[in-house]
Amino acid sequence: MFRTIREDIRAVFERDPAARNLIEVLLTYAGVHAVLLHRIAHPLFRYKIPVIPRLISHLARFISGIEIHPGARIGHGFFIDHGMGVVIGETTEIGDRVTLYQGVTLGGVGQAVGKRHPTLGNHVVVGAGAKVLGAIRIGDHVRIGANSVVLQSVPDHATVVGIPGKIVRGLKEDAVLDHLHLPDPITERLERLEKELHDITAAQGTPRADDTPSGAP
């Protein structure tokens, strides 16, 4: 467990340029507090110790604003950046070197029993406010854009945006999630339709409404 905790702390320095020193990270990073407490609660939950794991989870939520069910399985190098409002459900499984931003929900749908929360592969990045719902699998090196709602499984090396989430392009392993330049599949589709309509109109020789000379009746 201590090795895993060291990797979690190392992940902060690797992925947050604002992290300056170890004391600051340990004292002021809510994501670190929530993950450290989860590392304590999870083995207790696995050994079926009653009440205490949930109390630790509740304490973590109180001090960090992050709710991680003690049953969730989380890999090495996990980083929650500005984690207020993050919710991770009981049957969630998270691979190694995953990053979540604020407001992310890894939740379930309906009242299903058994496996009802998502599984995230390795090197996944989930943008602020995104919701990943149901017993779906998110592949390795997947990037999920801010405020996306993902309801279906996603293959490796994909970028997902929108509501519901759409795969918009592949992504190299070493790429980062650039929220500013994420493509908008709806806008792109509308632009393609407009171009096709323009091409059809031009081929038929019919003037469009915006081609009518000014002053015409």
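Which side chain meets that of Glu14 in a salt bridge? In this predicted model, in which residues are numbered from 1 along each chain as its sequence is written, local features need pLDDT of at least 70, side-chain atom pairs count only at pLDDT 80 or more, and totals for chains, interfaces and linings use all residues. Side-chain values use heavy atoms, with hydrogens and water left out.

The partner of Glu14 is Arg97, and the two side chains meet at 2.5 Å, N to O. Because Glu14 lies in helix H1 and Arg97 in the loop between E5 and E6, the pair ties together parts that are 83 residues apart in sequence. A salt bridge is here a side-chain nitrogen of Lys or Arg within 4 Å of a carboxyl oxygen of Asp or Glu, while helices (H or I, at least four residues) and strands (E, at least two) are DSSP runs, numbered from the N terminus. Glu14 counts as partly exposed at 44% relative accessibility, and Arg97 likewise counts as partly exposed at 34%; in these terms buried means under 20% relative accessible area, exposed over 50%, and partly exposed in between (1.4 Å probe, protein chains only).

Across the whole structure, a search finds eight salt bridges. One of them joins the side chains of Arg3 and Glu7 at 3.5 Å, N to O, and these residues, being four apart in helix H1, are separated by about one helical turn. Arg3 counts as exposed, with 59% relative accessibility. A further salt bridge is formed by the side chains of Arg116 and Glu90 (2.7 Å, N to O). This pair links distant parts of the chain, since Arg116 is in the loop between strand E7 (105-107) and strand E8 (119-120), whereas Glu90 is in the loop between strand E4 (87-88) and E5, 26 residues apart. Arg116 is partly exposed at a relative accessible area of 24%, and Glu90 also counts as partly exposed, at 26%.

Rolling a probe the size of a water molecule over the atoms shows where empty space is left. On a 1 Å grid over the protein atoms alone, a cavity is a set of points where a 1.4 Å probe fits but cannot get out, and lining residues have an atom within 4 Å of a point; grid points are joined across faces, edges and corners, and a volume is the space filled by probe spheres set on the points. By this rule there are two cavities of 30 Å³ or more.

The largest cavity, with a volume of about 50 Å³, is lined by Asp8, Val12, Gly31, Val32, Val35, Leu36, Phe78, Phe79 and Ile80. Helix H1 (2-15), helix H3 (30-46) and strand E3 (79-81) each supply at least two residues of this lining, and the largest share, four residues, comes from H3. The lining divides into seven nonpolar residues, one polar and one charged, where Ala, Val, Leu, Ile, Met, Phe, Trp, Tyr, Cys and Pro count as nonpolar, Asp, Glu, Lys and Arg as charged, and the others, Gly among them, as polar. The second largest cavity holds about 30 Å³ of space and is lined by Ala34, His38, Ser57, Ala60, Ile66 and Ile68. To this lining, H3 and helix H4 (52-64) give two or more residues each, and by class the lining has four nonpolar, two polar and no charged residues.

Some features of the backbone can be set beside these results. Most residues other than glycine have a negative phi, and most peptide bonds are trans. Val51, which is not a glycine, has a positive phi of about 65 degrees; this residue is found in the loop between H3 and H4 and counts as exposed at 57% relative accessibility. Arg97, described above as the partner of Glu14, also has a positive phi, near 55 degrees. A cis peptide bond joins Ile163 and Pro164, with omega at about -10 degrees, and Pro164 is placed in the loop between strand E14 (158-161) and strand E15 (166-170).

Note on methods
1 Å grid on protein atoms, 1.4 Å probe; cavity = no way out; pocket = protein on both sides within 12 Å on 5 of 7 lines; lining within 4 Å.
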